[in-house]
Structures are given as C-alpha cells and as structure tokens.
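Thanks for making time. Please have the sequence and the structure open.

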Amino acid sequence: MTAAYDDPSPPSAVAFEEVPAPDTPPRKSSAALFDATVLAVHHWTDRLFSFTTTRESSFRFQSGQFTMIGLPVDGRPLLRAYSMASSEYEPTLEFLSIKVQDGPLTSRLQHIRPGDTVLVGRKASGTLLLQNLLPGRTLYLLSSGTGLAPFMGIVRSPEVYEQFEKVVLVHGCRLVSELAYDHLIRHELPEQHLLAELISKQLVYYPTVTREPFQHEGRIPALLETGRLCSDIGLPRIDLDRDRFMLCGSPAMLADTRAVLEKRGFGEGNMSRRGHYVIERAFVDR
C-alpha cells in the first residue's frame, strides 16, 4: 500500500496557497509521464495535505481511478500511486496525501509550492468503478484517512447519481481536524457545484472519528455491523439486493469491513466480474 492511503496523524494549522493556471500547457516529460504545474497546495494538518495541478488535455481517466505521480530524484522519477480526488470532468487534477518525514517521496512532496512541477503518469487504472458493481439502489462509499480521495471524484460525477438513488459517503478518521474536505462536502457541493441539485437530494455525508467526542464516533466496520450507520442516516440495514459498496482506506478497515460484508453474502467485484462491493487491490496487496 502506498503512502497515499495511510491514515493521517495529528493536525496543525491549515494553510493554502494558489497560483493562476499557466497559459501554456506543461511540456511532455516522456512517453509514460507528463509534467504538471502545481496550482494550489492546502495543508489540512501537520501530516495531511492536498494539491491541485494542471492536467494535460490528452490525459483521460474515470472518476475513482489512480495514476502514478512523483518527482525527479537523482535524475530519475520517484513515483507512487495516488488516486485522483478530482472528477474526470474537471480541467485540473487534485491529489490528497499524508506527510511522512522519512518517506522517499512524501518527505519531498510535502514541500511543493505553487509553480513547482510534479510528474504525472499518463495511464490511469483502478477497480473503484461503477461498472464493476451490480445494479443497486444505494451506494456506500466507505473510506478512512486519505482513502477519501477517489470518492471525492466520484461524488462530483453525474453518473453515480444516475445509477443510484442514494450515495452515502462515509469518512473515518481519528480526529475531527483530519476530516479533509468536510466543509466542501457539507456546504459547497450541495450549494454551489454544477451538480448541486442532485447532490443535495441524493448525497448523504457521514463523517466519524475514533479518538475524540463528535456527532458520529466509531470505526466503520463496527458501525456497519451493528446497524448504527444505517440507523443514523435513516436507511434500512444493509441488504444484498439493494446496497452496493466501494471500500478505500487502511488495511485494517478494509479487512474488517470486507469480513462484515462477506458474512452477509456480499461478493467482491472486479474488472472482469461485477459484484456487490469493490476494493482497490492495487493498494491492498502491496
């Protein structure tokens, strides 16, 4: 599992920087990578940040997918897999990352500033796609830590609201300050986004923390197994015929949530077979 999906650590002050998009596209680095200019950097905590970059016009992906991003180190690209936190329809790219002081990439990446250049892979991959799920009525997007990233792209894409009556976005963290994008999800998306009407009617946001008092507390697997999650949002307990799931986050959350689902007969989907739930195995198996 890459650094992009580790859970964040305790917070500090939030900072934000931005620079206008350049008039000319970034130069091409290689057949596999392109240069992207950093447009904005947002430091959520002392161990969690996000950044926005330019997007090469030829770069195509589906919301929920990941690509390789990185920096040149000693004349060679140092790369890790990161999910796009932006939707496929946006003209820029956005990524969410932890900061690891001795991490080969994140120890450097955390210091980027607007105007800097990062490397972005031209090929997007991933299994967190609607096409890998059986038809259903409610879609649960279950995330912990920076596993929220791919779901930020999905909830800003129209297809998810066309295929599901309700979309439940669950984000689990240790501390309230680690709930990245909380204000965006609660206020900006349902009020200002192009999909605001759909989002306000169909998106349900459920943040939960484990280490301090909050309106929702507890680990995602326990909230799901006890039925508390469904009860809190006014939906019936999970049902094999009606509910579908996407999982992204820490290995422990994924393993425990998968056990809850499989005990109830839910089957995993992939690129060759649709299922009741999907996990991004490119991160899980590393």
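How many of the six residues of β11 are buried? Six of the six are, so β11 is largely enclosed by the rest of the structure. Before I go on: this is a predicted model, so everything I say is about a prediction.

Let me stay with that strand. Both of its faces are covered. On one side there are Asp 243, Phe 245 and Leu 247, and on the other Arg 244, Met 246 and Cys 248, all of them buried.

Now its partners. β8, residues 138-144, runs parallel to β11, and six bridges join the two. Within that pairing, Tyr 140 has Phe 245 as its bridge partner in β11. β12, residues 277-279, also runs parallel to β11, joined to it by three bridges. There, Phe 245 has Tyr 277 as its bridge partner in β12. If you follow the chain from β11 through helix α8, residues 251-263, and on to β12, you have a right-handed β-α-β unit.

Next, the packing. The largest nonpolar core has 35 residues, and the ones that touch the most other members are Leu 141, Leu 169, Tyr 181 and Met 246. At least two residues of this core come from each of β8, α2, α3, β9, α4, β10 and β11. The largest share is that of α2, with four residues.

What does its side chain meet? A polar atom of the Ser 143 side chain lies 2.8 Å from the backbone oxygen of Val 170. Apart from neighbours within four places in sequence, the contacts of Ser 143 include Phe 151, His 171, Gly 172, Ile 220, Cys 248 and Met 253.

On to helix α4, residues 182-192. Asp 182, Leu 184, Ile 185 and Leu 189 are buried in it. Looking down the axis of α4, these buried residues fall within an arc of 160°, so they line one face of the helix. For the background, an α-helix has 3.6 residues a turn, so residues three or four places apart point the same way. On the other side of α4, Glu 191 and Gln 192 are exposed. The cover over the buried residues includes α2, β9, α5 and β10.

Most residues other than glycine have a negative phi. Which two go against that here? One is Tyr 181, with a positive phi of about 70°, in the loop between β9 and α4. The other is Asp 74, with a positive phi near 55°, in the loop between β4 and β5.

Are they buried or exposed? Tyr 181 has 3% relative accessibility, so Tyr 181 counts as buried. Asp 74 has 77%, so Asp 74 counts as exposed. Tyr 181 also brings us back to the core, being one of the residues that touch the most other members.

That is my part. Questions, please.

Technical notes: Residues are numbered from 1 along each chain as its sequence is written. This is a predicted model: local features need pLDDT of at least 70, side-chain atom pairs count only at pLDDT 80 or more; totals for chains, interfaces and linings use all residues. Side-chain values use heavy atoms; hydrogens and water are left out. Buried means under 20% relative accessible area, exposed over 50%, partly exposed in between (1.4 Å probe, protein chains only). The arc is that of the directions from the helix axis to the C-beta atoms. Contact means heavy atoms within 4.5 Å. A nonpolar core is a set of buried Ala, Val, Leu, Ile, Met, Phe, Trp, Tyr and Cys residues joined through side-chain atoms within 4.5 Å. Two strands pair if DSSP finds at least two bridges between them. A crossover is right-handed if, with the strands pointing away from the viewer, the path from the first strand over the helix to the second runs clockwise. A polar contact is a pair of N or O atoms within 3.5 Å; within protein, one must be able to donate a hydrogen and the other to accept it, and residues adjacent in sequence count only if both atoms are side-chain atoms.
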